[in-house]
Amino acid sequence: MKKTILTGDRPTGKLHLGHYIGSLQNRVKLQDEYETFVLLADVQALTDNAHQPEILQQNIFEVALDYMAVGLDPQKCAFVIQSQIPEIAELTMFYMNLVTVAHVEKNPTVKTEIAQKGFGESLPLGFFCYPVSQAADITAFGAHLVPVGADQAPMIELCRDIAERFNRQYGETLVVPEAMYAQFGRLPGTDGAAKMSKTIGNTINLSDDEKTVSQKVMGMFTDPNRLTGKEPGNVEGNPVFTYHDAFNPDKVRVAELKELYRAGGENEKGKPILGDVTVKRELATALNEFLGPIREKRAELEKTPDFVWDVLRDGTARGKARAAETMAKVRESMKIAYF
Ligand code: TRP
């Protein structure tokens, strides 16, 4: 029997290159080998969007388009809408009793997000607890493997912890999942921030058109200490080169660009040998070549919304069946299967 994968995304907007590098790429590679469930985590999205639930429906559709556009095959991969699986909420309630507040407080991802979103005193309890509900997401499907970006490491750790604790307390019931992190690591934002994030507004979306991509690339941060193209520049930690490494298939040219950039210098006309603009133009071209087929597929699918919703309905039904199986086992183990 195939092993199971579970991953997910909050449907609060269109997916971006950071999602692709962090997780989508791995999902596409692994979907033949594993039974894959991808969760559209609308309940998790509500933890910081309770005042605007109406954004979810459109974004579920957009994310489903992104999934299929990058090559997730709905035959191999069930797209599951989280809010339609009440078993996840039930599991969350039981798991809450196995985790301390202090443990969640230490979670670095949650800490960063809380700071970024500026909740202050108005931090919703639901948001604080979302790592616990994410453990329910993963274990409800009996996932063996969770391909995610490195920022999700504390979530998977907590999930493993909860599953182990549950099994010790109530007997072997839950699969303890392994994380799989993206090979490339984390993609920085266009502003050079550690992470590409919609909240910060430093993303390049998979659905951005050619012109938008070029504009965003031309506005990218490079080496802040390189005041003119004649000075030697830093390649390490320079987001433009990080993107070249991630998306430009012409590795020979990328190596050459790096060498020239590091060297600096001017030509016989007194112009920089390699200015930032050239590096960015070539990046924009590479990105647009990468995104071209994704955009085309997306545009095709967008014309058939009924098909997209059928895919979601079907995937959710498959997810529901799996979660119900887990829930029955959990009730047995906890001795709360009364009737
Ligand atoms: N927290 C994840 C994110 O923000 C999304 C997510 C929800 C998820 N449930 C999950 C990821 C389960 C992996 C497994 O990207």
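Me: Which residues make up domain 1 and domain 2?
Reply: The bounds come from an automatic or database domain assignment. Domain 2 covers 210-297. Domain 1 has two segments, 4-189 + 304-333. This is a predicted model, where local features need pLDDT of at least 70 and side-chain atom pairs count only at pLDDT 80 or more, while totals for chains, interfaces and linings use all residues. Residues are numbered from 1 along each chain as its sequence is written, and side-chain values use heavy atoms, without hydrogens and water.

Me: How many Å² do domain 1 and domain 2 bury between them?
Reply: Buried area is the accessible area (1.4 Å probe) that two parts lose on being put together, summed over both. Carbon and sulfur atoms carry 81% of it here. The total is about 930 Å².

Me: Which residues of domain 1 lose the most area to domain 2?
Reply: Three residues together make up 48% of what the domain 1 side buries. They are L17, A69 and F184.

Me: How many salt bridges cross the interface of domain 1 and domain 2?
Reply: A salt bridge is a side-chain nitrogen of Lys or Arg within 4 Å of a carboxyl oxygen of Asp or Glu. The whole structure has 23. Across this interface the count is 0.

Me: Which residue forms a salt bridge with R322?
Reply: R322 lies in helix α14, and its partner sits in strand β2 (residues 35-40), 287 residues apart. Helices (H or I, at least four residues) and strands (E, at least two) are DSSP runs, numbered from the N terminus. The closest N and O atoms are 2.9 Å apart, and the partner is E35.
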